[in-house]
Amino acid sequence: MRIGMLTSGGDAPGLNAVIRGAVLIGQTVHGHDFIGLRDGWRGLIEADTMPLGRNEVKGISKQGGTILGTSRTNPFEGRGGVDRVTEVMTELGIDAIIAIGGEGTLAAAKRLTDAGIRIVGVPKTVDNDLDATDYTFGFDTAVQIATEAMDRLRTTGDAHSRCMVAEVMGRHVGWIALHSGMASGAHAILIPEQRTSMEQIAAWVTSAASRGRAPLVVVAEGFTLDSMDDPHSERGLDAFGRPRLGGIGELIAPLIEERTGIETRATTLGHIQRGGTPSAFDRVLATRLGMAAVNAVTNGDWGRMVALRSTEIVTVPFAEALGTLKTVPQSRYDEAAMLFG
Ligand code: F6P
């Protein structure tokens, strides 16, 4: 079979390991050949391709980013649609597609599969919020990078007796905040799933400072304050009524300083969490997912996504993988919070 492969949506460390795992096993074991589709669905809609064989994947599993490029192009917008996808696949002789991406990519893949296009999915997001898989590759690397950054923030916080606020990724869920916060011994972890008042945050910070610690507050980018604590948020203003420029870390740092009297600084880690070399765990997981995706293609398991369940790689229907976010359970948050005070 000729397999088109694409990476779509925000990148995650491990994408190249998926591509390598799929190509190596696909060529040598199953005799498939591959064609790279550049920049996600855009490459498919515009027939923009690149060669993808053993030479192209040599040594790439340790590289961050994706050799195929990525974009947030939706295959149903602009020139796209089922007819265009079918036309390009026929023109390029592509029998099936492996689509590596997050919620948006898999939703588009489901729509295309429902219309008869042969697609297998590979889940991807550093946020680890896809429900059908135990872990997504990229998450472990992001947590490692965030943890290292917090270790550094703690030494400068200690030197100046300051409270340090670290904002990490996590638009909808707080997995990166929870894990990096626990790993670095944070005194408060703030996540979208858990309502937390400024009064509570200030109490944790004060308690840490009273024990001679420089308080470390880890906040996921999707965390929001109650309207009582952040009365201007709906109008795009910060809690002091000024135009809101930064993220939630920048917003709460002055509020902490105001309530506790402790000088406070905010750092947003941003895309550093998604860049650079993947951890060994992510490389192994990604490679196994790539290999399993090719097996699924070989078996004709269309409309399914490969997933990690315990230690095994399985396949699940797209429908099962979509719709429900994997949020941080209350018990996991409570467990972490026991260490704050
Ligand atoms: O979905 C993964 C994620 O890393 C989010 O945590 C973050 O909000 C978003 O992507 C950033 O996306 P972009 O790269 O488009 O700025």
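Predicted model: local features only at pLDDT ≥ 70, side-chain atom pairs only at ≥ 80, totals over all residues.

1. The seven-stranded sheet. Seven strands form an open sheet of mixed pairing, in the order β3-β2-β1-β4-β5-β10-β11. Its edges are β3 (49-52) and β11 (312-317), each of which pairs on one side only. On average, and with direction ignored, neighbouring strands of this sheet are turned by 30° against each other.

2. Strands β1 and β4. Within that sheet, β1 (residues 2-7) and β4 (residues 96-101) run parallel and are joined by five bridges. One of the residues concerned is L6, whose bridge partner in β4 is A99.

3. Residue G4. G4 belongs to strand β1. Is G4 buried or exposed? There are 23 other C-beta atoms within 10 Å, and the threshold for burial is 20 or more, so G4 is buried. Apart from neighbours within four places in sequence, G4 is in contact with I35, L37, L44, I94 and I97. A286 is 282 residues from G4 in sequence, and the two are 18 Å apart in space, C-alpha to C-alpha.

4. The nonpolar core. The largest nonpolar core holds 98 residues, of which I98, V217 and A293 touch the most other members. Helix α9 (residues 280-299) gives the most to this core, with nine residues. Why does the core lie between domain 1 and domain 2? Both domain 1 (2-137 + 276-323) and domain 2 (139-273) give residues to this core, and therefore it lies between them. As a general background, nonpolar side chains in soluble globular proteins tend to be buried together.

5. Contacts of I98. With neighbours within four places in sequence left aside, the contacts of I98 are I3, M5, A22, V120, V122, A293 and V297. This list includes A293, which is itself named with I98 among the core residues that touch the most other members.

6. The four-stranded sheet. A further open sheet has four strands in the order β7-β8-β6-β9, with parallel pairing. The edge positions are taken by β7 (188-190) and β9 (264-268); each has a single partner strand, so one side of each is left without a neighbour in the sheet. Neighbouring strands here are turned by 15° against each other on average, direction ignored. Three bridges pair β7 with β8 (residues 216-220) in the parallel sense, and the bridge partner of L190 in β8 is V219.

7. Helices on the four-stranded sheet. Helix α6 (residues 175-184) packs on this sheet, touching β6 (163-168), β7 and β8, and its direction makes about 165° with that of β8. Helix α7 (residues 198-210) also packs on the sheet and touches β6, β7 and β8; the direction of α7 makes about 155° with that of β7.

8. Burial of α6. How many of the 10 residues of α6 are buried? Eight are, so that the helix is described as mostly covered. The buried residues are W175, I176, A177, L178, H179, S180, G181 and S184. They pack against α5, β6, β7, β8 and α11 (330-337). Just after α6, G185 takes a positive phi of about 70°.

9. The annotated position. The unreviewed UniProt entry places the feature "active site" at D127. D127 is found in the loop between β5 (119-123) and α5 (139-160). D127 counts as buried, because 28 C-beta neighbours lie inside 10 Å. Not counting residues up to four places away in sequence, D127 touches M169, G170, R171, V173, W175 and I176. Among these contacts, W175 and I176 are also buried residues of α6.

10. Residues with positive phi. Most residues other than glycine have a negative phi. N128 is not a glycine, yet has a positive phi of about 60°. N128 lies in the loop between β5 and α5 and counts as buried, with 26 C-beta neighbours inside 10 Å. S310 likewise is not a glycine and has a positive phi of about 60°. The place of S310 is in the loop between β10 (304-309) and β11. Is S310 buried or exposed? S310 is exposed, because 6 other C-beta atoms lie within 10 Å and a residue with 12 or fewer counts as exposed.

Note on methods:
Residues numbered from 1 in each chain as written. Core = buried A, V, L, I, M, F, W, Y, C linked by C-beta atoms within 7 Å. Helix = DSSP H or I, 4+ residues; strand = E, 2+ residues; numbered from the N terminus. Domains from an automatic or database assignment. Contact = placed C-beta atoms within 7 Å. Pairing = 2+ DSSP bridges. Axes fitted to C-alpha atoms, helices over the stretch in contact; angles between N-to-C directions. UniProt positions renumbered as here; feature names shortened; annotations may be inferred.
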